[in-house]
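Walk through this two-chain model with me.

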Amino acid sequence: MLAVNFLLLSAVLFSIGVYGVLARRNAVMVLMSVELVLNAVVLNLVAFAVINGSVDGQIFALFAIAIAAAEVGVGLAMVLLVYRNRRSIALDELSEMRG
Amino acid sequence: MSGLASGTVLVGVDGINVAKNVGFGIIAAVMIFAALCVVTTRNVVHGALWLVVVLGGVAAQYLLAAAEFVAISQVLVYIGAVMVLFLFGIMLTRAKIGADSDLNNRSWALGIPVALLLLGVLGYVIIDGLRDTVVPDRGPTPTVLLSDGYLGPYLVPFLAISFVLLAAAIGAIVIARKD
């Protein structure tokens, strides 16, 4: 198998995730798109681990998975707080701090 | 484009496992379709379920990359825990059940050229730099190697990540609780 297979798949997933972050208005959907981006990066780590024959990439992948789990927990807590205060999680309505 | 052409020529050279390549292609196609559905669907719950397909596909790709432990962790953490969190988040924010025409920004179309530009740059760099690199056929990674890494050279980052998880859990409770 060629290395570019894994890396191109990961690049496509990353770009789709970036599009989702930019285009979505619902905060939960934005968090899902961030998950796509994170998974693309972790796929790269694992692919380079198998290319180089070293286990360090897999160790870093598990670190990244743990950080992603923490990120989702805190992110969803913040979304819940925003929903409780404003009755809406539309990101373009959060503009009080605009100058 | 010349990189893509030489890539197709290389299929059939020694060291390329055709069955693995076919499996990879099928899973990759399903993953890309599901990812496009995640960012385009009009239904939040359907978006979460398509995300399950993407995450399961990523786990399958880890198996193809001889990373069993990471694949199992992916299933446990993402499909098991993170998706439940997402579904709870969707329910608690009372998303519309059914289609919702209001999920995109007014300027959502701006995301398409940005994503395509990013894909072009990344794809060019990848094809230009790693065109001829072949992934060697490796057997399964012994999990003992991973544990040796965590309890050896990576012990301090491992402890640090435990504290990060603890802090994130406490922080999430503090942020989300009602006073």
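In chain A, residues 24 or more positions apart make up 56% of the contacts with a separation of 6 or more. Keep in mind that this is a predicted model.

What secondary structure does chain A contain? It has 3 helices and 0 strands. Along the sequence the pattern reads α-α-α. The C-alpha trace spans about 50 × 25 × 20 Å along its principal axes. The radius of gyration of chain A is 17 Å, whereas a compact globule of 99 residues would have one near 13 Å. Of the 99 residues, 62% count as buried.

Now bring in chain B. The size of an interface is often given as the accessible area lost when the parts come together. Here chain A and chain B bury about 7000 Å² between them. Carbon and sulfur atoms carry 76% of that area.

Next, count residues. Chain B puts 83 residues into the contact, and chain A puts in 68. How many salt bridges run between the two chains? The count is 0. Polar contacts are present, though: 16 residue pairs between chain B and chain A, both partners at pLDDT 80 or more.

Which elements of chain B give two or more residues to the side that touches chain A? They are helix H1 (2-10), helix H2 (18-40), helix H3 (44-64), helix H4 (68-92), helix H5 (111-130), helix H6 (143-151) and helix H7 (155-176). H4(B) gives the largest share, 12 residues. By type, the residues on this side of chain B divide into 56 nonpolar, 19 polar and 8 charged.

Take Asn105(B), in the loop between H4 and H5 of chain B. Is Asn105(B) buried or exposed? It counts as buried, because its relative accessibility is 16%, and the cut-off for buried is under 20%. A polar atom of the Asn105(B) side chain lies 3.0 Å from the backbone oxygen of Leu22(A). Beyond its neighbours within four places in sequence, Asn105(B) is in contact with Leu22(A), Ala23(A), Arg24(A), Arg25(A) and Asp92(A).

The other residue is Thr133(B), in the loop between H5 and H6 of chain B. Its relative accessibility is 24%, so Thr133(B) counts as partly exposed. Leaving out residues up to four places away in sequence, Thr133(B) touches Leu2(A), Ala3(A) and Ile51(A). Ser73(B) is 60 residues from Thr133(B) in sequence. In space the two are 28 Å apart, C-alpha to C-alpha.

Return to charge. Side chains of opposite charge can pair when their charged atoms come close. Over all chains, the count is 4 salt bridges. One of them joins Glu93(A) and Arg25(A), at 3.4 Å from N to O. Why does this pair tie together parts of chain A that are 68 residues apart in sequence? Because Glu93(A) lies in the segment after helix H3 (56-86), while Arg25(A) lies in the loop between helix H1 (3-23) and helix H2 (27-52). Glu93(A) is partly exposed at 36% relative accessibility. Arg25(A), at 13%, counts as buried. A network of salt bridges links Arg25(A), Asp92(A) and Glu93(A). Arg25(A) and Asp92(A) are also among the residues that Asn105(B) contacts.

Chain B has charged pairs too. Asp137(B) and Lys20(B) meet through their side chains in a salt bridge, 2.9 Å from N to O. This pair links distant parts of the chain, 117 residues apart. Asp137(B) is in the loop between H5 and H6, and Lys20(B) is in helix H2.

Finally, Arg131(B) forms a salt bridge with Asp128(B). Their closest N and O atoms are 3.8 Å apart, and the cut-off is 4 Å. Arg131(B) is partly exposed, with a relative accessible area of 28%. Asp128(B) also counts as partly exposed, at 46% relative accessibility.

Technical notes. Residues numbered from 1 in each chain as written. Chains lettered and ligands numbered in written order. Predicted model: local features only at pLDDT ≥ 70, side-chain atom pairs only at ≥ 80, totals over all residues. Heavy atoms only, no water. Contact = heavy atoms within 4.5 Å. Buried area = accessible area lost by both parts, 1.4 Å probe. Polar contact = N/O pair within 3.5 Å; in protein donor to acceptor, adjacent residues only side chain to side chain. Helix = DSSP H or I, 4+ residues; strand = E, 2+ residues; numbered from the N terminus. Nonpolar A, V, L, I, M, F, W, Y, C, P; charged D, E, K, R; others polar. Rg over C-alpha atoms; globule rule 2.2 N^0.38 Å. Buried < 20%, exposed > 50% of the residue type's maximum accessible area, 1.4 Å probe, protein only.
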